[in-house]
Amino acid sequence: MEEKGLDRAELIRYKRQLTIPGFGEEGQGKLKSSYVVIVGIGGLGCASATYLTAAGVGCISIVDFDTVELSDLNRQILYREGDIGKKKVVVAQRRLSKLNPAVEITPVFARITEENISSIIDGAQIVVDGLDNLSSRLVVNSACVRHNIPYIYGGVSRLRGMITTIIPGKTPCLACIYPEETQWGGGLGVLGVVPALIANLQALEAIKLIIGSPSLAGKLLSFNGDDMKFQVYEIRRNESCHICSSR
Amino acid sequence: MKAVIMPGFSELIIIINPTGEVTREGLLSIIMPWLYAPWPEAQQKGIIEVEVKGDTLRALLIKLQELYKQVNVDFEPINPMTNDLDFDYDVFVNGKNYVTLPHGLDAKLRDSDEVKVKMLWRWDG
């Protein structure tokens, strides 16, 4: 992707991150030229979208089929009480554009299916996970492997969360671990700060991936808020994975 | 009791007091290598043998978490706050979820029983 230069306003806006060693104008230019798709704009997606927008990712698509409910407001920080009943992607697009008008935010009001996923992620440099169930994640995972697009998985429940970066053909994919939807995972409860924490790590990893140095490829970062413990473990590919083993 | 552990690709498979030789032959490649962590030689051997004091599922799980704790691997199936199975795990005995056993975690294990400890990922958002 062709790297874009920075204008004077951008040099001021991003001043605090331009001074980071290894980032600089070149890194900011890469962010400006990048296109990220965030699937799901709930607890995870609201936080990752906010920080990727603030950081200056050039184009972001946000995908969700849901409307705002009162019970979302403990964790979905882009929405207000006055937004209840409105489409999440529309509200999120408006709020994110106010945060950073230079970022092109595209709202996609759709439920992810096998049929539409390829067109949803078409052209994306990275797909960031903001979903709330395994079956949709497996659909996204499979499409990302097929189209060779890195996918940053993040998942939470209660006070715990996990994240890994899936690089098709190089690291394990979600189907390496869960070939089918065998684990029911929703409804255990979520404290809002936990998806925010995991999503911010996803956003950081996305930025690092765009710059060229992801940290969690082939590694599983696990956070346990019960005792405030972070662990990072190596994970390996399943040589018999029906999704990624032939790549 | 004696427990022979075979790391699967995302779970531990444990045979209690096996009557014959136990090997990993035919199992898929392991994707979570830290499951071998407390016993470095097990990576070559493929299986892990441990002696457990007691004969219940709980005794087995407590022994496992003691061993993993020694090498700083976060493997704690018995939640210390609830003294019950932690929600990061699922446990099966001979294919049946432990909650369906008459005494749950305190069910006695028998010779050749197969225990599976699955580590669960998080899927909410």
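Contact here means heavy atoms within 4.5 Å. Keep that in mind for the tour.

Before you click: this is a predicted model, where local features need pLDDT of at least 70, side-chain atom pairs count only at pLDDT 80 or more, and totals for chains, interfaces and linings use all residues. Residues are numbered from 1 along each chain as its sequence is written, chains are lettered from A and ligands numbered from 1 in the order in which they are written, and side-chain values use heavy atoms, with hydrogens and water left out.

**Stop 1: a helix in chain A**

Select residues 88-99 of chain A, and you have helix α5. Helices (H or I, at least four residues) and strands (E, at least two) are DSSP runs, numbered from the N terminus. From first C-alpha to last, α5 reaches 16 Å, close to the 16 Å expected at 1.5 Å a residue (that is, 1.5 Å times one less than the number of residues).

Now colour A:K88, A:V89, A:V91, A:A92 and A:L96, the buried residues of α5(A). Buried means under 20% relative accessible area, exposed over 50%, partly exposed in between (1.4 Å probe, protein chains only). They cover an arc of only 160° around the axis, which puts them on the same side of α5(A); the arc is taken from the directions from the helix axis to the C-beta atoms. Show what covers them, including α4 (43-55), β2 (59-64) and β3 (104-109) of chain A.

**Stop 2: where chain B meets chain A**

Select the contacts: 25 residues of chain B touch 41 residues of chain A. About 3000 Å² is buried between the two chains, with carbon and sulfur atoms giving 58%. That area is the accessible area (1.4 Å probe) that two parts lose on being put together, summed over both. Pick B:W121, B:W123 and B:D124: they supply 31% of what chain B buries against chain A, more than any other three residues.

**Stop 3: salt bridges**

A salt bridge is a side-chain nitrogen of Lys or Arg within 4 Å of a carboxyl oxygen of Asp or Glu. Between chain B and chain A there are 3.

Next, zoom to A:R160 and A:D226, which meet at 2.6 Å, N to O. A:R160 lies in strand β6 and A:D226 in the loop between β7 and β8, so the pair ties together parts that are 66 residues apart in sequence. A:R160 is buried at 4%, while A:D226 is partly exposed at 33%.
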